Each structure stands twice: as structure tokens, then as C-alpha cells.
Amino acid sequence: MGRFDGRVAVITGAARGIGFGTAQRFAAEGASVAILDLDESGAAEAAGRIELSDGAKAIGIGCDVSNSTSAEAAVTRVVEELGGVHILVNNAGVTRDNLLFKMTEEDWDMVMGVHLKGAFNMTKAAQKHFVAQKYGKILNLSSVNALGARGQANYSAAKMGIQGFTRTLGIELGPFGINANAVAPGFIATEMTDATARRLKMEPEELRQMNADANPVRRVGFPEDIAAAAAFLCSDEASYITGQTLYVDGGAKLG
Ligand code: NAP
């Protein structure tokens with residue numbers, strides 16, 4: 001008996017990294033999963049690597065979350081191909097880092113478009129199914145960098161925006177049996193942080209070690225750390241928790 005037997009979970013930006021780890025965890029606990037990512041073949045390939053529980057399915061769908069038509073079409077396909085939708089994880093993300101005086105309007109719009117508008121588009125598309133069935137779980141990816149980060153005016157604003165969005169979803173959707181929460185990861189070893197290392201002209205391993213040394217628990221995080229928190233917050237054990245942001249960062253910002 002898994003916590004997500006009979007449930008269908010949609011995870012955006014899940015062809016790799018935290019999204020893939022979360023999809024794998026939900027599947028391990030019984031869910032059918034829809035892996036959404038920009039490139040349909042990459043999403044399908046990732047879906048093929050998911051280890052499924054008996055009777056569950058995994059599908060990959062090409063979707064640009066920043067485009068409302070694409071988001072709407074993806075949710076419709078999930079319902080048609082997997083028979084419903086119960087959990088939405090708004091995970092898709094990009095970075096376009098630069099100091100404010102060098103940050104372009106395109107850098108700003110791109111980050112807002114994927115993180116904030118993407119979460120809005122996907123949540124709008126999913127909530128009508130959730131409201132009709134009086135059941136749904138929404139999990140949004142914020143970040144410790146919501147609290148401020150040099151070179152990330154766009155990302156930081158988007159990730160703090162996600163927290164306000166999450167609180168508002170909690171208020172508006174609670175009466176319909178829907179919980180909305182956020183996780184705010186610290187440094188997680190993925191392609192995103194490896195790309196940051198390369199931009200800083202460091203080896204990925206060097207940046208990981210630097211972050212591990214500075215962290216109270218003396219290690220970096222892995223997608224599985226976020227997946228574990230995501231599974232709890234999207235489970236019925238967390239049905240009295242809504243509108244919250246849980247920092248999963250090894251205590252990185254404690255002081
Ligand atoms: P990642 O490895 O870069 O994966 C992000 C995925 O999102 C990629 O597969 C990417 O596809 C996809 N994506 C980008 N734009 C998209 C769009 N418009 N529509 C659909 N998919 C899109 O990142 P990650 O580290 O796993 O991060 C996942 C989430 O956690 C993000 O929201 C990130 O901001 C957040 N987070 C990460 C960390 C960390 O340390 N890693 C810390 C805090 C928060 P392409 O490869 O085709 O671009």
C-alpha cells in the first residue's frame with residue numbers, strides 16, 4: 001500500500017534534477033506520473049526510466065509552462081491518458097543570473113515567465129479538475145534565494161513571489177479540498193547548480209564542496225531530499241498544512 005496508490009501526479013521540468021527525483025519518489029509510493037518538460041522526447045525518455053508500482057503508468061509530455069495554451073493542453077492530455085489528475089508540482093525552472101546593472105529585460109522576463117507565470121498557468125489549468133473533484137495537492141518550488149541572492153534579482157523576486165502565490169492558493173482553494181504548499185531548497189546538486197559552477201569558472205565538485213563546508217549539516221542536498229519533503233506535503237498526512245513554505249536547506253540560512 002503506497003501513499004499515492006491510484007493518484008496521478010504532474011511534475012513540470014521533470015526530465016532531470018529535482019523534478020525527476022520527485023517523480024521517481026511519487027511513483028515509488030504508487031502514483032502514476034506525467035513528466036512535463038520543454039522537449040517531448042527528453043520527457044518521454046525520462047518517463048521510461050521511472051520505476052513504477054503495479055498498475056501505475058508514466059508518460060512524458062512536451063510542455064512550455066510559460067505558455068498558457070501549452071500548459072492547458074498538457075493537463076488535458078494527462079487527464080485523457082492517465083485518467084485524472086490529483087497532484088501538481090510546479091518545478092520547472094531556469095536561471096539568468098547577472099548583477100542588476102547588467103541584467104537585461106529578457107533575463108528578467110524569462111525567469112518571471114517560467115517560474116511565476118509558469119506556476120500560474122499550470123495551476124489554473126489543474127485547479128478546475130481539483131475543484132470539480134474536491135481534491136488536489138499543489139506543490140510549488142521556491143528557493144532559499146527568495147531571501148535575496150547576489151546576481152539573482154530576477155530569480156529571487158520570482159521565488160519570493162512563489163511564496164505569496166502559495167499562500168493565496170491556500171486561502172482560495174482550501175474550501176475545495178485543495179492544499180497548496182511550497183518547498184524552498186538550499187543548494188541541491190543538479191544540472192542547474194553545475195551550470196552555476198561553470199559560470200563562476202569553477203568545477204561543479206568545487207562549488208558543491210564549498211557549499212557543503214558552509215552548511216550546518218556539512219553536505220549539499222540531493223533531489224531525493226526535496227522529493228521526500230514533496231511526498232509528505234502532497235500526501236494526506238499533510239492535509240492540515242496549507243499555504244506554507246518549508247525550507248529544505250540543511251539549515252543554510254539559520255545564521
Ligand atoms: P534543472 O536540473 O535545471 O531542471 C529544470 C528543468 O526545467 C529542465 O529539465 C528544464 O528543461 C525545465 N524547464 C525549463 N524551462 C521550462 C519551461 N518553460 N517549461 C517546462 N520545463 C522547463 O533544475 P533543478 O535544479 O532540478 O531545479 C528544479 C526547481 O528547483 C527549479 O524551480 C529551481 O529553481 C528550484 N531550485 C533548485 C535549487 C538547486 O540548488 N538545484 C535550489 C533551489 C530551488 P531544459 O533543460 O530543456 O531547459
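**View 1. H86 as a buried residue of the predicted model.** In this predicted model, H86 has a relative accessible area of 13%, and because buried means under 20%, H86 is classed as buried.

**View 2. Surroundings of the H86 side chain.** When neighbours within four places in sequence are left aside, the residues in contact with H86 are G6, R7 and V8, together with F130, Q133, Y135, G136 and K137. One of these residues, V8, places its backbone nitrogen 2.9 Å from a polar atom of the H86 side chain.

View 3. The protein is built from 8 helices and 7 strands, and its C-alpha trace extends over about 45 × 40 × 35 Å along the principal axes. Of contacts between residues at least 6 apart in sequence, 72% link residues at least 24 apart.

**View 4. Burial, surface and charge across the whole protein.** Of the 255 residues, 51% count as buried, while the protein exposes about 11800 Å², of which carbon and sulfur atoms supply 54%. The side chains include 24 positive and 29 negative ones, and the centres of these two sets are 4 Å apart.

Terms used: Residues are numbered from 1 along each chain as its sequence is written. This is a predicted model: local features need pLDDT of at least 70, side-chain atom pairs count only at pLDDT 80 or more; totals for chains, interfaces and linings use all residues. Side-chain values use heavy atoms; hydrogens and water are left out. Helices (H or I, at least four residues) and strands (E, at least two) are DSSP runs, numbered from the N terminus. Buried means under 20% relative accessible area, exposed over 50%, partly exposed in between (1.4 Å probe, protein chains only). Contact means heavy atoms within 4.5 Å. Accessible areas come from the Shrake-Rupley method with a 1.4 Å probe; for residues, only the protein chains shown count as cover. Lys and Arg count as positive and Asp and Glu as negative; His and the chain ends are not counted. The place of a charge is taken as NZ of Lys, CZ of Arg, CG of Asp or CD of Glu. A polar contact is a pair of N or O atoms within 3.5 Å; within protein, one must be able to donate a hydrogen and the other to accept it, and residues adjacent in sequence count only if both atoms are side-chain atoms.
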